[in-house]
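Q: I would like to learn how to read the interfaces in a structure file, starting inside one chain and then going between chains. Please take me through it.

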Amino acid sequence: MMVPLRAVETPDIPDEPPMAGKGLELAFDGITKSFGDAAVLKGLDLTIPAGQFVAVVGRSGGGKTTLMRLIAGLDSPTTGAIRIAGTARRGLQPDVRLLFQDARLLPWQRVLSNVGIARGPGWKERARALLAEVGLADRAGDWPYVLSGGQKQRVALARALVTEPGILLLDEPFGALDALTRVDMHRLLTKVWRQHGFTAVLITHDVAEAVALADRVLVLREGRVAADIAIDIPRGTRAAGNPRLAELERRVLAAV
Amino acid sequence: MTAEATAAGPETGVLAIAAAGPRLPGAWRVDWRPVALGLALPLLAALVWEALVQAGFASGRLLPPPSRIAVTLWKLARSGELWPHVGATAARVGAGFALGGATGILSGVAASYFPIFRRLVDPTLQGLRAIPSLAWVPLFLLWLGIFETSKIALIAVGVFFPVYLGVMAAVLGVDRKMVEVGRIYRLSGLDLARRILLPAILPSLVVALRTGLGLGWMFVVAAEYMGASEGIGYLLVDGQQLGKPDQIIAAILVFALLGKAADAMIVRVAAPALRWQDAYQGGR
């Protein structure tokens, strides 16, 4: 697998802790998942504290997307349990939201209706507020097809945040974007993570992206956690050329 | 983000919609040049035929000149004789279309939603579909009599199959990813159907209904041909038996107009619900 050895520049992100907030703790107790005879996940035991930003990297077929679908409740683990805020959960979780690689906006609804898909009282105001937060307040009345890829992904981010989830899962959400747009999205994601305080689990194959954004990088290999690396340098100093960043990136790459 | 906005070209997108959408002011200004081009050939043929008959080169007995057809049509309309026929035919097509369309939609949805229904019923329906529908005529006459019931049943059979097939394929083809979005945002079953499944199948549903309606017009001719005392099809039979080719051609023209009008009605009704489509506009 080709892993770009490129540092992601995030110079203007100040290093403050996220606002104490609605983030929920996420824990895996001996999770395994098999499809027929093929074991995709072979025993995961770990805890992600509330509000932490975790990146999960690994080769294709390493079980990243399977893990994501288990957390979201789209699939059930073969054995083991997923605990959210201490209680074991099964099925679709109202406090977990998912950002897919493709934005998955409903093409037959305008941007505002897409953001407010969950409806509920006062949804329009909340949807407008979230659209403003992702910088697309003026596109509320547009059809999705007139938006660019980056704009679609912003709308999807607003939609995921409109219900104030405790956990946000991101399944390679920036993989299809061009490099400049990706940098914009990294800034935006860091900003909303601080403001909303959710626990973030970012799945990516881009090691540079993982070390630039996360508090902690998990390397999934052949269904197990092959490395659990804390990114212990402030976000404001994670620019290209930081020797500590380069070393952490090398360690992640070695484990992949 | 300006670079992105320009790259996506939202302005051109909006303009394309404005040009295609029927509801917007200014959309009524039709470009007549392609219309004129399309009419050139039939008009030329009609003029040539008219001239040949007028000049005495042809009698126009079996193929009457356009002027005679127009006069016949005018007389039929003027005397009021035409309208009960139009009403009878439209009522038959309407009833058959409603019956065949409704059962087609229901069984198409059931067949795609419940695999057991599909396995149980689909092979039989496919088998029945292989029967040329006109082969039903004698049976329907025996079972349902020679009046309206057998005619409407025959039209309904013609409408049913394309609608059933189209709806089943459309529901089976709904993007799983869109349904997953609905599940993640915990839409109720009703909301899922209303806000995701229905809009997703609507484009195919419209095509299926248009195909079905087209077949409905085809079958009403057969139904009226097998014995009717009114209807445009009756004018055909009457024209044949009494040797009035001008009446036959007039009836054919009425069929064409009615069919086109009914099709345009479906398109017009569905258009507002399909504005979201980023579709190829047909090489304008």
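A: Contact here means heavy atoms within 4.5 Å. By that rule, 15 residues of domain 1 of chain A are in contact with twelve residues of domain 2 of chain A. This is a predicted model, in which local features need pLDDT of at least 70 and side-chain atom pairs count only at pLDDT 80 or more, while totals for chains, interfaces and linings use all residues. Residues are numbered from 1 along each chain as its sequence is written, chains are lettered from A and ligands numbered from 1 in the order in which they are written, and side-chain values use heavy atoms, with hydrogens and water left out.

Q: Where are the bounds of domain 1 and domain 2 of chain A?

A: Domain bounds come from an automatic or database domain assignment. In chain A, domain 1 covers 26-95 + 165-255, and domain 2 covers 105-164. Their C-alpha centres lie 25 Å apart.

Q: How is buried area read, and what is the area between domain 1 and domain 2 of chain A?

A: Buried area is the accessible area (1.4 Å probe) that two parts lose on being put together, summed over both. For domain 1 and domain 2 of chain A the value is about 1,100 Å², and carbon and sulfur atoms give 66% of that area. On the domain 1 side, helix α5 (residues 179-196) of chain A contributes the largest share, nine residues. Helices are DSSP runs (H or I, at least four residues), numbered from the N terminus.

Q: How many salt bridges are there between domain 1 and domain 2 of chain A?

A: A salt bridge is a side-chain nitrogen of Lys or Arg within 4 Å of a carboxyl oxygen of Asp or Glu. The count between these two domains of chain A is zero.

Q: What does the count of salt bridges between chain B and chain A come to?

A: The count there is three. In one salt bridge, the side chains of Glu180(B) and Arg69(A) meet at 3.1 Å, N to O. On the side of chain B that touches chain A, the elements giving two or more residues are α1 (2-8), α2 (10-20), α9 (176-184) and α10 (189-225) of chain B. The largest share of that side, seven residues, belongs to α9(B).

Q: How many residues are in contact between chain B and chain A, and which three residues supply 27% of the area that chain B buries?

A: 25 residues of chain B are in contact with 32 residues of chain A. The two chains bury about 2,800 Å² between them, with 62% of it on carbon and sulfur atoms. Tyr185(B), Arg195(B) and Trp276(B) supply the 27%, more than any other three residues.
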